[in-house]
Amino acid sequence: MTTRSLYRFLLRMHPAGFREHYEEQMLWIFDESVESRGTASLLLDALVSLVRQWVLRSVYWRHSRPTLAVDGSLALAETLHQNSRKLFRRAWGLNIIWLAEALVVLLMWPISIFLKFQFVGLAANATALFPGRKPVRGRPLRMNYISLFYYKNSQEFYRSQIEARRDGLRAWVGKAGGIGGAGGIVGLFFVLLVFWLLRPAIRTYMGLPNSSLDWDHSRYFVYNITVWALSFRLMAKVNERAAQVIQQEIDAMGESSMGGMK
Amino acid sequence: MSNEPGSYLPLSPAILHILLSLAGEDRHGYGIMQEVALQSDGQYKLGPGTLYDNLQRLLDQSLVSEVTPRGEEDSRRRYYRLTSLGKRVVNAEIGRLESVFRQAKVYLRPVKAGKS
């Protein structure tokens, strides 16, 4: 493990609120100052910070909501942007697992026709992640900066924009996110059952020997479907979080208008 | 939080250095760390963890605000600006330190004379 990875690990151990605000900034400072300050002092600082944030500030981070910067629209867009980046990173983290597995499959030469199909399935899994990131990445609010500039004083316009975004996210979470939940698990067992029952027909169709499609082969299938379901679950969580951030923004708008502010 | 600068005093060394580093211009986190090291001739070095812990408190107290400079593409660079309340608090702290300094000169002079 490199010192940068260790530093990043320490940052990821911080409370979620702190990470959202400062993880990227602290990592950037690490990159900039590691030569001048030395790794030991930076790692020690991160360790002390970790203890400080959990022991002294954990209550604060539990009840905090994202800080609004110059104005709400910019802060919200930034928060969504950060969320989408996290999602993208996590999605690619899963892709790496699949690609590593694909490499292992390829190394198991000579490769059987079943495993070739398996390899195609891995690629399909990796590709399937991209529609999932759409709700967050989709059409970013950044694209609306110009219109927001002209309608800066129109809270209603801004509100309608972000409410539509929130509803879109929630709809996706309700629909696709369920794949990784209880419905997904039931679906997984159903698919496995169908697969198990259809094994003789698949053997005949593909010209495979009777010894194939036993548990040794089926476990690849089980593994892939499980990871696929988990990835949807993960994406649902990230999108759900983005919807929560938007809701907090809407609530904050309500509070500020009740307080007589514009 | 009170708008009375005196209610924030005395400031911790880290807070004072951060506020002073922002007195001249808006800076990002790394810029603040460099400025603090420069101002103290390298004697006081803030770590990123200490810096952002204090910055969060300053943001909550509205002594510092976060700004988005034009043309800044790197989302990792967030800039911070001293608010008008922050400026008043720094001035109040400097006034307090000057008073301490004057008192110190009064009390320490006879000791010096006695030693010589």
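**Helix packing in chain A**

H1(A) and H2(A) run roughly antiparallel to each other, because angles over 145 degrees count as roughly antiparallel. This is a predicted model, where local features need pLDDT of at least 70, side-chain atom pairs count only at pLDDT 80 or more, and totals for chains, interfaces and linings use all residues. Residues are numbered from 1 along each chain as its sequence is written, and chains are lettered from A and ligands numbered from 1 in the order in which they are written.

First pair. H1 covers residues 3-12 and H2 residues 16-37, both in chain A; their angle is about 160° and their axes are 10 Å apart. Helices here are DSSP runs (H or I, at least four residues), numbered from the N terminus. Axes are lines fitted to C-alpha atoms over the stretch in contact, with angles from 0 to 180 degrees between N-to-C directions.

Who makes the contact? From H1(A): A:Arg4, A:Tyr7, A:Arg8, A:Leu11 and A:Arg12; from H2(A): A:Arg19, A:Glu23, A:Met26, A:Leu27 and A:Phe30. Contact means C-beta atoms, placed from the backbone, within 7 Å. By class, that is 5 nonpolar, no polar and 5 charged residues.

Second pair. H2(A) packs on H3, residues 39-55 of chain A, at about 160°, axes 9 Å apart. H2(A) and H3(A) are therefore roughly antiparallel too. On the H2(A) side we have A:Phe18, A:Phe30, A:Val34 and A:Arg37; on the H3(A) side, A:Thr39, A:Ser41, A:Leu42 and A:Gln53.

Key: Helix = DSSP H or I, 4+ residues; strand = E, 2+ residues; numbered from the N terminus. Parallel < 35°, antiparallel > 145°, perpendicular 65-115°, else oblique. Contact = placed C-beta atoms within 7 Å. Nonpolar A, V, L, I, M, F, W, Y, C, P; charged D, E, K, R; others polar.
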